Amino acid sequence: MTLTFTYELPLWYPLLSSAVASLGAGFIAPVAMAVVIQREKAEGSFQLLCALPISKERLFFGTVLAAVVGSLVLWLPGYAVAVLASIPKALGGIPLVITLGVIALSLSCVSASFVVTIALNTSSPTALAYVIALFFALPQLPAMLLLSERIEEKLHALLEPHLWTIMNLVLSIRGQLLVAGGLLLFSLLILFAGVQLFSSKRSYV
Amino acid sequence: MSETPALEIEQMEKRYGEFSLRVNVTVRSGEVLGVVGPNGSGKTTLIRCLLGLVKPERGRIRFFGLDLERHEVAIKRRVGFILEGAPLFRRVRAGDVLRFCAGFYPHWDWDMVRSWMHQFQLDGSKEVAELSKGMRAQLGLIVAFGSRPDLLLLDEPTAGLDPGTRRWFVELARGALADFGPAILLTSHIMADVEDLADRIAFLRQGELLLVESKERLCQNWRRIRGRCRARPRLDSNEWVAIEYEAICGEIHLVTSCWQEGLLDRLWEAGVTEVTVQRLSLEEIYSYVMRPPS
């Protein structure tokens, strides 16, 4: 008698796991970096860092880069596994996984620039927690609005004829580049404002 | 020794609500300036202003002839420092702290650092949090001196240390002065800390620099005079820092900050007899300078 295991993972499983892991890690790493910054501020080591011969701009961008690299290190292994797992399922699913990866990477940049900017520019952990919570709650606003039936109906009517076009755009290379470019531009805007704020601060203690 | 001062602070003012720190002082190359004052007098704020950690409302700070605002990084490469409480990265190994800091300084002297680490039996593989307070202070001093800086800014480097470690700090600073001759700005609320090292002493009270004088001149100019007289004599208050007259026993105690032989003649004319003159210790001078104005 032979016992045979037949175990088939549906395609959505690696897709979902890669999406959750990527987005989760992309947000967790900058938040962890913000916690470290606040801890160093409380212990006084941040003063030491600011007193070293390094320009405030380099210190700022170095910290943001560390947060981005941190999130990459966190989500890349899980993401790679998800990509490999999706290959035997359907080759057609790979572009979707790559899309998820690009969006997760772009969102990592946005969250790293925002969270680290706030962490470097505020000394109050409470204020930091409120601002981060607000930042992560904001993307949910459209979903909340959709709960209103009238808005949903209007949106439905508006988007339905273009739904396939939008889906195709998002899944195409051009669409991915557009979304990623938009998110990166948003990150750069946050970073520009952040570095201006940080370098013009009157106190780093 | 360079002609350009190591540090020039011109009309600097930093305000925190009601408190205002106003400083105008120069530290010459190779000179040790001790800034003394009670807690809350503005010593730490001064060091923070000099390291760019807080920005003053007005005034100008120049290091080696360079403006701090415009040449902050270039200046800091030549400046070693110890911040109040010697904060270091607590969860990082001592050796890694040194390697991290070394990366910022072009003249980091690893031979000197290794020799001091060996001399003080500092274990580089231990995390900073695992080191004793004295060892952390030693590590902080090694970080400050390791780059062989032209200027050292030391904020209460001996605060909370036992007498042995304090002695060690003085020896280390003396060794550095003999070796590469940095200028030092050293703050403390303990006179004995600066007494051994300082060439000049600045007295800071409630944000105001009351007096900046060389140690020799302080010792020369300040005297305590004891004598006897039948009634309280009439004396020029500009010449005397303190006048204490005990009517019951007819004893008078006077302290002056501008000692000269002529003062004795004036005391004689005012009816003071049996006069004895004593030098004051720096500790005593400190207590008289820091007295709140009556």
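**Exercise 1. Contacts along the chain**

Among contacts in chain B between residues at least 6 apart in sequence, what percentage join residues at least 24 apart?

*Solution.* The structure is a predicted model. Take the contacts in chain B whose partners are at least 6 apart in sequence; 72% of them link residues at least 24 apart. The chain in question contains 10 helices and 14 strands. Its C-alpha trace spans about 70 × 40 × 40 Å along the principal axes. Of the 294 residues in chain B, 37% are buried.

**Exercise 2. A strand pair**

Describe how strand E9 of chain B is joined to E10(B).

*Solution.* Step 1: strand E9 (residues 200–205) of chain B and E10(B) run antiparallel and are joined by six bridges. Step 2: Phe203(B) has Leu211(B) in E10(B) opposite to it. Step 3: two residues lie between the strands of this hairpin, where Gln206(B) adopts a positive phi near 50°.

**Exercise 3. A helix pair**

Determine how H5(B) and H6(B) are oriented relative to each other, and which residues meet.

*Solution.* Step 1: two packed helices are described by the angle and the distance between their axes. Step 2: for helix H5 (residues 133–145) and helix H6 (residues 163–180) of chain B, the angle is about 10° and the axes are 11 Å apart. Step 3: angles under 35 degrees count as roughly parallel, and therefore H5(B) and H6(B) are roughly parallel to each other. Step 4: Gly134(B), Ala137(B), Leu141(B) and Phe145(B) in H5(B) meet Thr165(B), Phe169(B), Leu172(B) and Ala176(B) in H6(B). Step 5: by class, this contact has six nonpolar, two polar and no charged residues.

**Exercise 4. The contact between chains**

How many residues does each chain give to the contact of chain B with chain A?

*Solution.* Chain B gives 18 residues and chain A gives 15 residues. The side of chain B that touches chain A comprises 12 nonpolar, one polar and five charged residues.

Definitions and conventions: Residues are numbered from 1 along each chain as its sequence is written. Chains are lettered from A and ligands numbered from 1 in the order in which they are written. This is a predicted model: local features need pLDDT of at least 70, side-chain atom pairs count only at pLDDT 80 or more; totals for chains, interfaces and linings use all residues. Two residues are in contact if their C-beta atoms, placed from the backbone, lie within 7 Å. Ala, Val, Leu, Ile, Met, Phe, Trp, Tyr, Cys and Pro count as nonpolar, Asp, Glu, Lys and Arg as charged, and the others, Gly among them, as polar. Axes are lines fitted to C-alpha atoms, for helices over the stretch in contact, and angles run from 0 to 180 degrees between N-to-C directions. Helices (H or I, at least four residues) and strands (E, at least two) are DSSP runs, numbered from the N terminus. Angles under 35 degrees count as roughly parallel, over 145 as roughly antiparallel, 65 to 115 as roughly perpendicular and the rest as oblique. A residue is buried if 20 or more other C-beta atoms lie within 10 Å of its own, exposed if 12 or fewer, and partly exposed in between; C-beta atoms are placed from the backbone. Two strands pair if DSSP finds at least two bridges between them.
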